[in-house]
Amino acid sequence: MEPQATLYDSSHSDLLTRFASLHIACVTHDYTIATFVPPLSDLKIHTWWQDRANEVKSGSRDILFVMAPDKSRDVTGVVMLRKPEAETGPFRGMVEKLLVSPDWRRKGVGRALTKGLEDVARERGKTLLMLDTETGSLAENFYTGLGYVK
């Protein structure tokens, strides 16, 4: 069964704690610099995710996530599309925080999230997606493998 990305809305607010836990897992497992560095504060990261959810409400951001196929309610991955409101680039979208649980890597979660994000971006008129990642990282190789260019 292929993972399916779901678009976050306010009915999913109970998942924010799971997004924060996933974020922490990725930072501690990979030493990823993903906005925060150890030692990590659960409260600070949860507040950060609440702020992102508020941006979804305001329309400046979309969040997509993938749930585990079992009944555990585990979030296996998350990604965000930031929608800058610049008059000079209304066609641009920013890919942010593609985070996949270490236990769910190489199982199609990242690919499902990216495809879902690209579909949502097209619906929103964002025809140029931009991102940044660490040179030489697994993430850089992942995006290159999907056709993203430097």
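The expected span of a helix is 1.5 Å times one less than its number of residues. In this predicted model, helix α1 covers residues 16-30, so its 15 residues should span 21 Å, and the end C-alpha atoms do sit 21 Å apart, in agreement with that figure. Just past the helix, Tyr-31 adopts a positive phi of about 60°.

The largest nonpolar core has 20 residues, and the members touching the most others are Tyr-8, Phe-19, Trp-49, Ile-63, Phe-65 and Val-78. Two or more residues each come from α1, α2, β2 and β3, with α1 giving the largest share at six. As for Phe-65, leaving aside residues up to four places away in sequence, its contacts include Tyr-8, His-12, Leu-15, Phe-19, Val-78 and Leu-113. Another core, of 14 residues, lies apart from the largest one and has Leu-64, Val-79, Ala-121 and Tyr-143 among its members.

On the strand side, β3 and β4 pair up antiparallel through five bridges; Gly-77, for one, has Val-100 of β4 as its bridge partner. β4 also runs parallel to β5 (residues 128-130), the two being joined by three bridges, and here Gly-93 is partnered with Leu-129 of β5. Taken together with helix α3 (residues 109-123), β4 and β5 form a right-handed β-α-β unit.

Technical notes:
Residues numbered from 1 in each chain as written. Predicted model: local features only at pLDDT ≥ 70, side-chain atom pairs only at ≥ 80, totals over all residues. Heavy atoms only, no water. Helix = DSSP H or I, 4+ residues; strand = E, 2+ residues; numbered from the N terminus. Core = buried A, V, L, I, M, F, W, Y, C linked by side-chain atoms within 4.5 Å. Buried < 20%, exposed > 50% of the residue type's maximum accessible area, 1.4 Å probe, protein only. Contact = heavy atoms within 4.5 Å. Pairing = 2+ DSSP bridges. Right-handed = clockwise from strand over helix to strand, strands pointing away.
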